[in-house]
Amino acid sequence: MKQRLLTPGPTPVPEETLLELARPVHYHRTPEMRQLLSEVVEDLQYVFQTRNPVLVLTSSGTGGLEAAVANCLPPGSKAICLIAGRFGERWRSICKAFGIEPVAVTVPYGQSVQPEQLARALQQHPDAQAVCATLSETSTGAAHDIAAFGRLVAATPALLFVDAISGLVAMECRTDDWHIDVCVTGSQKALMLPPGLAFMSVSDKSWKQIDKNPTPRAYYFDLKKARASLQTGDTPYTSAHTLVRALKVSLKKIRSEGIEKLWTRQARVAAAARAGFQTLGLELFPSQPADGLTVVKVPPEIDGTALLGKLEKQYGLKLAGGQDQLKGKIIRLGHMGYIDQFDVLAGLAGVELVLHEMGYPLEPGRGVAAAQQVLAQSGAR
């Protein structure tokens, strides 16, 4: 039975990228590796839509979030944390760990923080030195209007930090045009690579704040060291350089399609997934869905954990469930990176079959047909 990984991270890796990973390990301090890293950074700038150099860290995406807080914010300062799920909560936890006072702007899971809520928080806390947001809240599938957030924050001395780990490439994100000061993503989502690398775009506004801090608050995640090394095409410590080499392959796939065409394709597949689930009578969980994943509520009479178990055991389909208080209550279907429209159709078909087996009233094939209608009308290829 073929196994299909349809989670919102890690995601499948293209065959040509996997073959690059199968090559012998090479030494990392060479002119060839410096040239390779420089080329990868240039392609990352295109993906991030930024003129700023992109730092490459050997860590998960959370390492990039920690680096943003540790390098940009002095102890005792204040950060506004926009919380719509587990990863908004992670921003708050990181701030607390570094002695930053978090000001929480919180909405219920499934909702998205609205620009007017941020505007009020900025008025009430003019001394805030940062705003921490998520482009795509992976735990709930909710999207945020980062462009609107950027316009608000740009008019203040505060910095805008964005967790774009499950959003970058999967949906529109224009780092410079949207005034994002630190934008962070990870390798294992839409960049089509195994876990192990984090990437950070850092604005001039952020560097001015970083350079004001006389004593580094990090050793491994010291961004000044990373910037200095990058100027010579290197990293301050041993990087996961085999992943960097493989990343070049995945980035070339992205560039060959074109980022805006890719955003359009991702939105089309997301619309098809939503139509398929809704035709089955399943309710979307987020009020403002992101394009990298579709999240729906499990019917009350269905055991969500058992549903996911049957999908994997009987059909080789690995979808994700909810976390913490959402465990067993939602299912999350990823459709970013190397997951294409036919993978999504397979996922929908599997959900239909398992729901039918579990006694949920539906006509098998209706959800898949609804998704196909969306794809056919939009000219998917």
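Predicted model: local features only at pLDDT ≥ 70, side-chain atom pairs only at ≥ 80, totals over all residues.

Me: What makes the second largest pocket a pocket and not a cavity, and what is its volume?
Reply: The second largest pocket has a volume of about 270 Å³. A pocket is an open set of points, whereas a cavity is one from which a 1.4 Å probe cannot get out; the term therefore denotes an open site. Its lining comprises 18 residues, with F87, R90, T138, Q188 and K189 closest to the centre.

Me: Which helices contribute to the lining of the second largest pocket, and how is that lining divided by class?
Reply: Helix 3 (61–72) and helix 4 (86–97) each supply at least two residues. By class, the lining has ten polar, four nonpolar and four charged residues.

Me: Why is helix 10 called roughly antiparallel to helix 13?
Reply: The axes of helix 10 (residues 259–279) and helix 13 (residues 366–377) cross at roughly 150° and come within 7 Å. Angles over 145 degrees count as roughly antiparallel, so helix 10 is roughly antiparallel to helix 13. The crossing is right-handed.

Me: Which residues make the contact between helix 10 and helix 13?
Reply: Helix 10 contributes R268, V269, A271, A272, A275, G276 and T279, while helix 13 contributes R366, G367, A370, A371, V374 and L375. By class, eight of these are nonpolar, three polar and two charged.

Me: What is the volume of the largest cavity, and how many residues of each class line it?
Reply: The volume of the largest cavity is about 100 Å³. Six nonpolar, four polar and one charged residues form its lining, among them V56, Y220 and D222.

Conventions:
Residues numbered from 1 in each chain as written. Heavy atoms only, no water. 1 Å grid on protein atoms, 1.4 Å probe; cavity = no way out; pocket = protein on both sides within 12 Å on 5 of 7 lines; lining within 4 Å. Points joined across faces, edges and corners; volume = space filled by probe spheres on them. Nonpolar A, V, L, I, M, F, W, Y, C, P; charged D, E, K, R; others polar. Axes fitted to C-alpha atoms, helices over the stretch in contact; angles between N-to-C directions. Helix = DSSP H or I, 4+ residues; strand = E, 2+ residues; numbered from the N terminus. Parallel < 35°, antiparallel > 145°, perpendicular 65-115°, else oblique. Left-handed = near helix turned anticlockwise from the far one by under 90°. Contact = heavy atoms within 4.5 Å.
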